[in-house]
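Please look over the structure below before reading on. The paragraphs that come after it go through the chain part by part.

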Amino acid sequence: MQDASSILMRVTGLEKHYGAVRAVDGISFSVPRASVFTILGPNGAGKTTTLEILEGIREPDRGEIEVFGAKLRRVTRAVKERMGVLLQDANFEPYLRVKEVIALFASFFRRAVSVDEILTRVALQDKAKAMVRTLSGGQRQRLAVAVALINDPELVFLDEPTTGLDPQARRNMWSIVAGLKERGKTIILTTHYMEEAEALSDHICIMDLGKIIAEGSPRQLAAGLGRETIVEFVADHLDPGDVDNLKTFGQGARTDGEVVTLQTNDLVGTMEGLLAWSRERGIPLANMAVRQPNLEDVFLALTGRRLRE
Ligand code: ATP
């Protein structure tokens, strides 16, 4: 159990319905200080709606939010001063220079970090005089993060911060998030990338259809699947008889296109069965990998669906 002082935000029974759509359907969680707290879920799970309520952009139908030691029905202006929000699709004026954008947003707050300091934090020092229109996608996203940090917030919301970024830009964003945590900030992140959740998070809530269906550290969540090992390979032209056969080699088998995934408690037995089957059927076990369960496996086990379908 965490003691109360180590919890920055506590959410209880939060609900938001849009007509018949239960976008957020009674969720409760606690966010520890100086940690990365992630809501992982597929499109439409209710992540953005949850964040927008916590950011004070939307009002919940029901529920309670306790943040910075105060219980609130909705997030107030004074609370917002202590928060930073990464704007989704931030469309900064293309003919403004980077430092002008920062100065503009800084003017909205009573207390703001200096332009130089904030640009250093997001590794955009070299771009201070560049016009927004000349920035790459990753640099624009870093500018959006700089804007979110301008008031030196204690709590930072990052809603899908790396969606659409290339792998290099994604890594840059990950190191910015890690740097924020090192400086004692609390980060609430949403993502539908399980690698991102695994790499960054101290605590993950897996959300689906408005509900939290599992939570814990990445390690705890994967351990929840038991001692199973995952064997994966690519095989085309399988017939239904093959799939039935494969199911007998482990504790579970599924096919997703050409990818076959087996769960097993007896790796040696499974491999023996698989190799014999492969030889007999003349089907090579292409790209074979043996790995521990990941968050995608956890989501699949809980919902029967993949995170990205
Ligand atoms: P994404 O990753 O696609 O942003 P999400 O997990 O953030 O998904 P939300 O955007 O919170 O999910 O949406 C949750 C559900 O609520 C979806 O079914 C969505 O269509 C619905 N929804 C969201 N906003 C509204 C709205 N303003 N009016 C009606 N329905 C809405």
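This is a predicted model: local features need pLDDT of at least 70, side-chain atom pairs count only at pLDDT 80 or more; totals for chains, interfaces and linings use all residues.

The chain contains eleven helices and 14 strands. Its C-alpha trace spans about 75 × 45 × 40 Å along the principal axes. Of the 309 residues in the chain, 49% are buried. Contacts reach across the sequence: among those between residues at least 6 apart, 68% join residues at least 24 apart. The chain is divided into domain 1, residues 4-221, and domain 2, residues 227-292. Taken over C-alpha atoms, the centres of domain 1 and domain 2 are separated by 40 Å.

Four strands make up an open sheet, in the order E2-E1-E4-E5, with antiparallel pairing. Strand E2 (21-32) and strand E5 (70-72) each have a single partner strand and stand at the edges, so one side of each has no neighbour in the sheet. From one strand to the next, the twist averages 15°. Within this sheet, strand E1 (residues 7-18) pairs with strand E4 (residues 62-67) in the antiparallel sense over five bridges. Opposite Glu15 stands Arg62 in E4. Helix H1 (residues 47-54) packs on the sheet, where it touches E1, E2 and E4. The direction of H1 makes about 120° with that of E1.

Which residues does Thr50 touch, not counting residues up to four places away in sequence? Thr50 has its place in helix H1. Its relative accessibility is 0%, and the cut-off for buried is under 20%, so Thr50 counts as buried. The residues that Thr50 touches, leaving out those up to four places away in sequence, are Leu14, Val24, Ile27, Phe29, Ile39 and Met207.

Strand E9 (residues 203-208) and strand E10 (residues 211-216) run antiparallel and are joined by five bridges. The bridge partner of Met207 in E10 is Ile212. The hairpin of E9 and E10 has two residues between the strands, and Leu209 there takes a positive phi near 50°.

Next come the aromatic rings. A pair of aromatic rings is described by the distance of the centres and the angle of the planes. The count of aromatic pairs comes to four. In the pair of Phe92 and Phe105, the ring centres are 5.8 Å apart and the planes are at 80°, so the pair is edge-to-face. Phe92 lies in the loop between strand E6 (83-85) and helix H3 (98-106), while Phe105 lies in helix H3, so the pair ties together parts that are 13 residues apart in sequence. Phe92 and Phe105 are both buried. Ring pairs also bring in Phe108, linking Phe92, Phe105 and Phe108 into a cluster.

Strand E11 (residues 229-234) has partners in two other strands. Is strand E11 mostly covered or mostly uncovered? E11 is mostly covered, with five of its six residues buried. E11 and E13 run antiparallel and are joined by six bridges. In that pairing, Ile230 stands opposite Gln263 in E13. E11 also pairs with strand E14 (residues 286-291), in the antiparallel sense, over four bridges. Here the bridge partner of Val231 is Val290 in E14.

Is Gly257 buried or exposed? Gly257 has its place in the loop between strand E12 (252-256) and strand E13 (259-264). At 72% relative accessibility, Gly257 counts as exposed. Gly257 and Val75 are 182 residues apart in sequence, and their C-alpha atoms are 45 Å apart in space.

The last stop is helix H11, residues 295-303. At the start of H11, a side-chain oxygen of Asn294 comes to within 3.0 Å of the backbone nitrogen of Glu296. Glu296 is buried, and so are Leu295, Asp297, Val298, Phe299 and Leu300. After H11 comes Gly304, with a positive phi near 75°.

Note on methods. Residues are numbered from 1 along each chain as its sequence is written. Side-chain values use heavy atoms; hydrogens and water are left out. Buried means under 20% relative accessible area, exposed over 50%, partly exposed in between (1.4 Å probe, protein chains only). A polar contact is a pair of N or O atoms within 3.5 Å; within protein, one must be able to donate a hydrogen and the other to accept it, and residues adjacent in sequence count only if both atoms are side-chain atoms. Domain bounds come from an automatic or database domain assignment. Two strands pair if DSSP finds at least two bridges between them. Axes are lines fitted to C-alpha atoms, for helices over the stretch in contact, and angles run from 0 to 180 degrees between N-to-C directions. Contact means heavy atoms within 4.5 Å. Rings of Phe, Tyr and Trp (its six-membered ring) pair if their centres lie within 6.5 Å; planes under 30 degrees apart count as stacked, over 60 as edge-to-face and the rest as tilted.
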